[in-house]
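Please read them with the coordinates open.

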Amino acid sequence: MIVIKKEHELDAMRVAARKTATILRAVADRVAPGVTTGELDAYAAELAKAAEGRCAFYGYHGFSGHICASVNEEIVHGVPGGRMIRDGDIVSIDFGLVYDGFVGDTAITVAAGSIPLEWQQLLDVTKASLEAAIEQAVEGNRLGDISNAVQRTAEAAGFSIVRDFVGHGIGREMHEDPQIPNFGPAGQGPVLKAGMTFAIEPMVNLGVHQTEILEDGWTVVTKDRLPSAHFEHTVAVGKEQAEILTVADKPV
Ligand code: MG
């Protein structure tokens, strides 16, 4: 069942999601050669504590991190630790925060130092595919319109869409109905209504779409070990246009 949030619930989600996005941006700003993913994780935990929120991923099915940090060929669910970021890496940071009973979930992929043009295109296209999907999150459209917008944008640029992991409804729980694939035909699936809240999160690969999971049981990598990018926003379906909830506060 897809939960439709009432206005006071949306207000609470706006607060939670804004805090989530503000922390994500601060952590992403620290991505640089020589920094470990564990250091980024500790910083996220510190910021979440200061924001009086709870890290949604920490302890989730036993996950040990406060963020997911996925480098290069790692698609999602990278476990933060001793991996040192190098010049030329791309790093996906995914962060979820619970605040006042609601969850925000957002991700960004950033470059450390200089990266090849093709990798930059991968980042740009993945971000554009998220933006195209968000444009479809309008009352009266179908869920498949969101999925199809991601697929069309990414594949038109010659990249491939991860099929094994998907976006999701979000609200009081991090994962609510429906699942939101990043591929599929437009015009199908449930009709969207204002007040539905979704975490839309395209995962786009430079090479093949197939994935593998590393021995840690978490880290999802591309089968061909070519790089992958991941962007995510928590959004509310609107009557005229979607509202992005995971908007960061302006820097002080
Ligand atoms: Mg998510």
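1. Helix H1 (residues 7-29) and H2 cross at roughly 150°, and their axes come within 10 Å. That angle is over 145 degrees, which makes H1 roughly antiparallel to H2. The crossing of H1 and H2 is right-handed. Please keep in mind here and below that this is a predicted model.

2. On the H1 side, the residues that meet H2 are Ile23, Ala26 and Val27. Their partners in H2 are Leu40, Tyr43, Ala44, Leu47 and Ala48. By class, the contact of H1 with H2 holds eight nonpolar residues, with no polar and no charged ones.

3. Ala51 belongs to the loop between helix H2 (37-50) and S1. With a relative accessible area of 16%, under the 20% limit, Ala51 is buried. Leaving aside neighbours within four places in sequence, Ala51 is in contact with Lys19, Ile23 and Tyr99. Ile23 is also one of the H1 residues that meet H2. The C-alpha atoms of Ala51 and Ile23 are separated by 8.8 Å, and the two residues are 28 residues apart along the chain.

4. H3 passes H4 in a right-handed crossing. H3 contributes Val125, Ala128, Ser129, Ala132 and Ala133 to the contact, while H4 contributes Ile146, Ala149, Val150, Thr153 and Ala154. Sorted by class, the contact of H3 with H4 has eight nonpolar, two polar and no charged residues.

5. Glu131 is also found in helix H3. Its relative accessibility is 42%, so Glu131 counts as partly exposed. Glu131 and Thr20 are 111 residues apart along the chain, and their C-alpha atoms are separated by 19 Å.

6. Which residues does Pro202 touch, not counting those up to four places away in sequence? They are Thr126, Ser129, Leu130, Val150, Asn182, Ala229, His230 and Phe231. Among them, Ser129 and Val150 also take part in the contact between H3 and H4. Pro202 itself lies in the loop between strand S9 (197-200) and strand S10 (203-205), and Pro202 is buried, with a relative accessible area of 0%.

7. The structure holds one aromatic pair. Phe63 and Trp218 make up this edge-to-face pair, at 5.0 Å centre to centre and with 80° between the planes. Phe63 lies in the loop between strand S1 (54-55) and strand S2 (67-71), and Trp218 in the loop between strand S11 (211-213) and strand S12 (220-222), so the pair ties together parts that are 155 residues apart in sequence. Phe63 counts as buried at 4% relative accessibility, whereas Trp218 is partly exposed, with a relative accessible area of 23%.

8. Some backbone details deserve a check. A cis peptide bond joins Asp177 and Pro178, with omega about -5°. Pro178 lies in strand S8 (residues 176-180).

9. Where does Asn72 lie? Asn72 is in the loop between S2 and strand S3 (74-76). Phi of Asn72 is near 55°, a positive value in a residue other than glycine. Asn72 is buried, with a relative accessible area of 10%.

10. His77 has a phi near 65°, again a positive value in a residue other than glycine. His77 is found in the loop between S3 and strand S4 (89-99). Is His77 buried or partly exposed? At a relative accessible area of 27%, His77 is partly exposed.

How values were computed:
Residues numbered from 1 in each chain as written. Predicted model: local features only at pLDDT ≥ 70, side-chain atom pairs only at ≥ 80, totals over all residues. Heavy atoms only, no water. Left-handed = near helix turned anticlockwise from the far one by under 90°. Helix = DSSP H or I, 4+ residues; strand = E, 2+ residues; numbered from the N terminus. Contact = heavy atoms within 4.5 Å. Nonpolar A, V, L, I, M, F, W, Y, C, P; charged D, E, K, R; others polar. Phe/Tyr/Trp six-rings, centres within 6.5 Å; stacked < 30°, edge-to-face > 60°. Buried < 20%, exposed > 50% of the residue type's maximum accessible area, 1.4 Å probe, protein only. Axes fitted to C-alpha atoms, helices over the stretch in contact; angles between N-to-C directions. Parallel < 35°, antiparallel > 145°, perpendicular 65-115°, else oblique.
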